[in-house]
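Please look over the charged side-chain pairs in the entry shown here. The report below takes them in turn.

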Amino acid sequence: MDLIAIEAHVAEKRRAARDRTAESELRLATSLCELAAALIATKDDKSVRDRSAGALEPAQEAVLIRLRWLTAGHVSARFATEVQDALRLLEQAARAIGHRELAAATIRDACNAYTRVAHEYPHAAGVCADGLSKCGVWLCRLDPGAAVTATDEAARIRASLFASDPDQSRKYLATLNTL
């Protein structure tokens with residue numbers, strides 16, 4: 001899909017999201033991720049002008065929308081993957097144009113959201129621990145102190161899961177293959 005069509009799709013989803021429902025806002029976030037990915041792809045496509053610098057704003061907006069709904073209780077493994085996808089796009093966009101501080105601040109916000117969700121929604125604690133671990137990896141390049149904090153919190157969450165259900169350790173070992 002060309003950028004003009006993607007931008008028109010985002011505008012359509014933005015108009016639909018005015019009702020502020022989870023479904024419409026999450027569809028907007030998905031279209032914003034598509035736009036950010038398409039803008040990032042222009043960096044390596046010599047047939048078009050490099051518009052990768054424009055990827056940062058839609059990627060950050062998508063992350064913030066998804067984090068807002070995550071903390072509001074919209075928790076599932078599939079949705080956690082969508083949050084991570086948006087964070088990955090944000091990190092790529094920020095790295096491409098050198099906005100390390102913005103990426104670090106947004107990823108730290110994601111860490112706070114994951115920690116809060118893990119405590120408020122215990123059924124999602126494992127997914128949140130995975131998210132914290134991935135954020136810790138991204139933060140290693142951006143903010144080593146925050147990376148340690150995120151990784152420590154992920155370990156703390158996992159320890160509490162293991163204490164309440166020792167069979168969780170086998171599930172955890174299986175998830176390490178997906179990191």
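This is a predicted model: local features need pLDDT of at least 70, side-chain atom pairs count only at pLDDT 80 or more; totals for chains, interfaces and linings use all residues.

## Overview

A search of the whole structure finds 12 salt bridges. Side chains of opposite charge can pair when their charged atoms come close. A few of these pairs are described below.

## Pairs formed by Glu-91

Glu-91 meets Arg-95 in a salt bridge between their side chains, with an N to O distance of 2.9 Å. Both residues belong to helix H4 (residues 77–97), and because they are 4 residues apart there, about one helical turn separates them.

Glu-91 also forms a salt bridge with Arg-141, where the closest N and O atoms are 2.8 Å apart. Since Arg-141 lies in helix H6 (residues 125–142) whereas Glu-91 is in helix H4, this pair ties together parts that are 50 residues apart in sequence. Glu-91 counts as buried because its relative accessibility is 4%, which is under the 20% limit, while Arg-141, at 44% relative accessibility, counts as partly exposed.

## The pair of Asp-143 and Arg-108

A salt bridge joins Asp-143 to Arg-108, and its closest N and O atoms are 2.6 Å apart. Asp-143 sits in the loop between H6 and helix H7 (144–164), and Arg-108 in helix H5 (residues 100–120), so that the pair links distant parts of the chain, 35 residues apart. Asp-143 is partly exposed, with a relative accessible area of 21%, and Arg-108 is likewise partly exposed, with a relative accessible area of 28%.

## A salt-bridge network

Elsewhere, Arg-20, Glu-25 and Arg-68 are linked in a network of salt bridges.

Note on methods: Residues are numbered from 1 along each chain as its sequence is written. Side-chain values use heavy atoms; hydrogens and water are left out. A salt bridge is a side-chain nitrogen of Lys or Arg within 4 Å of a carboxyl oxygen of Asp or Glu. Helices (H or I, at least four residues) and strands (E, at least two) are DSSP runs, numbered from the N terminus. Buried means under 20% relative accessible area, exposed over 50%, partly exposed in between (1.4 Å probe, protein chains only).
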